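Please keep the view open and follow along point by point.

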Amino acid sequence: MTEDSLLSPSWAGTEVSSLTGDQALLTALLEAEAAWGEVLAEAGFAQAADAQALRRIGSDPRAVPGLAPEELARAAVGGGNPVIPMLAAVRAELKASGAGDSALHRGATSQDILDTALVLMVHRAGAQILADGYAAAGGLAALAQEHRSTLCAARSLTKHALPTVFGLRAATWLDGVSAALKDLERALSRLPLQWGGAAGTQAALVDFAGAEEARGLTEQLAARLGLPATGRPWHVQRQPLLQAASAVAGLSSALGKAAGDVLMLQRPEVAELREPTAAGRGGSSAMPHKQNPVLSTLIRSAAISTPGQLSTLYSAAAMAQDERPDGGWHAEWAPLRELLRLTGGAADRARELFGGLVVEAEQMAHNLRLDGDLVLSERLMAALGPKMPGGKEQLKDLVTRSVQEGRSLRELVTESFAEAGAAEPERLPELFDPADYLGRAQEFIDSAVHDFKEQNDQRTR
């Protein structure tokens, strides 16, 4: 079940919206409780029947009175978090079913349960984000290879700078996205279980199980939930969560940069790219002739929004006072979920965008010719300037005349040699060929694609 929002088209209807919804979070909260109950029962600190009853409740929370997300949300005002009313509803259900509560919440605290549920949410949403992100990166790799010889204008400060190829532009986008994906994988692999008890000492757990057993039980819980084990609680030291959130935001930023370029290159006066089309997408309510670049717009919207969510998380971490935060912890929840949803939406849209992006090679070549030979002025000054009859200063004057008179620089150079009675340099045709001034573009494309494929192969092994 997805949770959609009329004001959040950047992530509405995506898989990540479902993985981060209230029902998914409640399921994760109950999963943390059930897994802990099972660990305690296996170690002889709770009744097996009680642990089984707890697992049954978690498997179908909608059937339990008081466990609807909207009811818990309202009741959470009483204790400041949803775990407290959830426990009350679970205890009531255990009692009604004839089971005991020996496996419920023993040695744990609300923050342990909610932090663990949030970590599960980050891991599960992160896995979906990675899947969509790698699919988007695969589309970029294909574009880089397919258009390794597609000439276009490189732009510097919005102006034509030098010749390049579209394949290198796509490879540059790929570099950013693949680096962000690697950072996200690393951060997720380090985001561990959080389990510290009432004040981060595990005192209650040690009191009934002993220090050595407490350590083992914590490790077993992490293994049961599929999370990295934690050496120490991080109730008020939020670096593990910040690292994961920063990596999520980094991917949004990388996708946003690419989408911003695509938006510019889709303008009618540029017309070098076109988004893939789909029924019902891109239309205007007032102008039927328009086909709006909706995918790029939504990706860019997400990239603009994510830094604000991340900023709140950093502020919350700084405000995590004492051994249990008084507001800082609470301030994390909503922006963490929105950050996951925004980046999840961006990755989902990017998968489609880069998998079907239409490249207008002829228009790219046309735009490259708009500045004529002047797009090669850097090369000409270095290679041709010293060979001009009047030296570099003469070539500078010819560049100025070319701009002012709208004449071909090549034509003016040829006239200058003829007027001076000098022979043209043998390499003159090559010097005016934009395809001959691409530097190491092909090498850079090969390198970016190779590194991405190697990274993707390691991930899927």
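1. A polar contact is a pair of N or O atoms within 3.5 Å; within protein, one must be able to donate a hydrogen and the other to accept it, and residues adjacent in sequence count only if both atoms are side-chain atoms. Such a contact joins the side chains of Q111 and R324, at 3.0 Å. Q111 is placed in helix α6, which covers residues 110–146; helices (H or I, at least four residues) and strands (E, at least two) are DSSP runs, numbered from the N terminus. Is Q111 buried or exposed? Q111 counts as buried because its relative accessibility is 0%, where buried means under 20% relative accessible area, exposed over 50%, and partly exposed in between (1.4 Å probe, protein chains only).

2. A word on the model: it is predicted, so local features need pLDDT of at least 70 and side-chain atom pairs count only at pLDDT 80 or more, while totals for chains, interfaces and linings use all residues. Residues are numbered from 1 along each chain as its sequence is written, and side-chain values use heavy atoms, with hydrogens and water left out.

3. Next, have a look at the loop between β1 (151–156) and β2 (159–165), where L157 is found. T158 lies in the loop between β1 and β2 as well. Phi is near 55° for L157, a positive value in a residue other than glycine, and near 75° for T158, also positive in a non-glycine residue. Most residues other than glycine have a negative phi. L157 is exposed because its relative accessible area is 78%, and T158 counts as exposed because its relative accessibility is 68%.

4. Helix α14 (residues 377–383) holds S377. With a relative accessible area of 27%, S377 is partly exposed. Where is P276 relative to S377? The two are 101 residues apart along the chain, and their C-alpha atoms are separated by 36 Å.

5. In helix α16 (residues 409–420) you will find E411. E411 counts as partly exposed, at 38% relative accessibility.

6. Finally, D451 is a residue of helix α18. Its relative accessibility of 41% is why D451 counts as partly exposed.
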